[in-house]
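I opened the model today to go through its aromatic rings and then its strand pairing. My entries follow in the order in which I looked things up.

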Amino acid sequence: MSTSPVPHLNFRGQAREALEFYAGAFDGTVSIRTYGDFGMPADLPDAAKVVFGRVDGADGFVVMAYDVPGADSGTLQG
């Protein structure tokens, strides 16, 4: 059995745009689920943010991304 690391990127509201960019760059397919898809009420600000995002490229490239809940645009503090 072999394993391959998969980068998992964290964003502050830009995960969808990043995933769409990588899908175009690597001829891939995007899978996105939002916080709302998992039950967050639609009227809350984070409901449309990405909780699970993945790009599967034609050549085996894979990247995952999500939006940090409660975080607006800008840099993350670590």
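I looked up the aromatic pairs and found four in the structure, where rings of Phe, Tyr and Trp (its six-membered ring) pair if their centres lie within 6.5 Å, and planes under 30 degrees apart count as stacked, over 60 as edge-to-face and the rest as tilted. Tyr 22 and Phe 61 make a tilted pair, with 6.2 Å centre to centre and 35° between the planes. This pair links distant parts of the chain, since Tyr 22 lies in helix 1 (residues 15-25) and Phe 61 in the loop between strand 3 and strand 4, 39 residues apart; helices (H or I, at least four residues) and strands (E, at least two) are DSSP runs, numbered from the N terminus.

I note that this is a predicted model, in which local features need pLDDT of at least 70 and side-chain atom pairs count only at pLDDT 80 or more, while totals for chains, interfaces and linings use all residues. Residues are numbered from 1 along each chain as its sequence is written, and side-chain values use heavy atoms, with hydrogens and water left out.

I then saw that ring pairs join Phe 21, Tyr 22, Phe 26 and Phe 61 into a cluster.

Next I turned to the strands, which pair if DSSP finds at least two bridges between them. Strand 2 (residues 28-34) and strand 3 (residues 50-57) are antiparallel over seven bridges, and strand 3 is joined to strand 4 (residues 62-67), also antiparallel, by four bridges. I followed Arg 54 of strand 3, which is the bridge partner of Ser 31 and has Met 64 in strand 4 as a bridge partner.
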